[in-house]
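Hi,

Here's the structure I said I'd pass along. Have a look through it first, and my notes follow below.

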Amino acid sequence: MYQRLNEFSQLLYDKINTKLDDFDKIIIISHENTDYDGVAAVLALKYLIQSFICQDNNKIIAFLHSNNLSASEALKSLELTNECITKFGDFHNPKDHYLIIIVDTNNFDKILEPIPKEQIREMILIDHHESLAFLKSNNEEYGQETGKNSLFFKSLLSIWYIDPQASSCAEIIAGIWQIWEQLTVSKNSKLDSNAQEKRIALLLLLGILSDSANLRYSQNSVIPNIQFLITRGADIQQVRRLSSIQITIDERIAKIKGAARVEEPILIKDSTYTWIVLFTNVNSFEAAVCRSLIDLGADIVFCLSTQKNKEFRLIVRSSERFQGSSNINFGLFMEQLGTQYQGHGGGHSGAAGMNGFNCPDNLKKIVIKKIEGDLHGKVK
Ligand SMILES: [Mn+2]
């Protein structure tokens, strides 16, 4: 994997370096409701491009238009708020040509909505989610099934790096950082040890620790990256303080409501184990609700929310116990489900979600049947 990242990092460096004049702006973006990992990846990449390739602050744009509250608070504490632009109008010029770099997301459609298609010249993707089925597919029709704009975006993607083994996008960016340093040693890197470097290192460590649930989902390969960030000024205790910003009352209420609305547990027995599956519903903080119920002892938790315009969202989380003993990949499962209901889906094997339209009455049955089938198990 490292070998591949080496190659990709070199490609990325060369592409940006040699084609700099082809683009008026390089825009780095992440998923909606951007979390610590997304924000860290966007701002760190901006910092790296500026340090190693192009210092023009008006050319490299970190476009973060919908950070979540915790991420915004962290940026404030680190005095990095001014590094990002939140309104498209603040940098948009209809004559500009853009290179778009997408990080930490596998859903192109929604995040690119504010940007006029005709201005996008090229796109690059760096992600750690289960890979996009349409990227692998040669079927031209597939783009239309997965989302209205997928085919268009696929045609503009020039290079991409997807590593589902990485527990965060931040660790991939930390890897790129180290490789770019090696590449540019002989080319007089402009990067000095300074306060900004320390802030970026802290932010990347925050992204790593939060997305991996404090390394719970990490591989050994994350450790050299953390070591590197520490040499650049990151500090574990400082990161812990940054992320301990109080959980809002809305989130706590959503968790309590989600727990109160849990339906009768469903037990699925496979050849070795019995798994506890729960269904509940709330209209916000579904992932937090799922995690709380996993902590209570469930193996798989689904949380449904129904939105306006017949839209619905289904989030799933599974226990480590379950992930260690089964081959079910909920990221792929949700990708299929999203497509089936005219929406999107994806994620990781143990943490995934989808949105779609016209929720079927028997959604629970469909989901249970699928799990039974994959496990060769039966509802007890
Ligand atoms: Mn992430």
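A quick one to start: does Asp 96 count as buried or exposed? Asp 96 counts as buried, at 7% relative accessibility. Bear in mind that this is a predicted model.

Asp 96 has a salt-bridge partner in Lys 25, with the closest N and O atoms 2.7 Å apart. That pair links distant parts of the chain, 71 residues apart: Lys 25 sits in strand 1, and Asp 96 in the loop between strand 3 and strand 4. Lys 25 is buried too, with a relative accessible area of 13%.

There are 13 salt bridges in total. Another one pairs Lys 364 with Glu 263, the closest N and O atoms being 2.5 Å apart. Lys 364 is partly exposed at 31%, and Glu 263 is partly exposed at 32%.

Asp 299 and Arg 321 form a salt bridge as well, at 2.9 Å. Asp 299 counts as buried at 3% relative accessibility, whereas Arg 321 counts as partly exposed at 49%.

The manganese ion has Asp 37, Asp 104, His 128 and Asp 211 as its protein donors, 2.1 to 2.3 Å away. Asp 104 is in the loop between strand 4 and helix 4 and His 128 in the loop between strand 5 and helix 5, so this pair ties together parts 24 residues apart in sequence. Asp 104 counts as buried at 1% relative accessibility, and His 128 counts as buried at 1%.

Cheers

Methods:
Residues numbered from 1 in each chain as written. Predicted model: local features only at pLDDT ≥ 70, side-chain atom pairs only at ≥ 80, totals over all residues. Heavy atoms only, no water. Donors = N, O, S within 2.8 Å, 3.2 Å for Na, K, Ca; no water. Helix = DSSP H or I, 4+ residues; strand = E, 2+ residues; numbered from the N terminus. Buried < 20%, exposed > 50% of the residue type's maximum accessible area, 1.4 Å probe, protein only. Salt bridge = Lys/Arg side-chain N within 4 Å of Asp/Glu carboxyl O.
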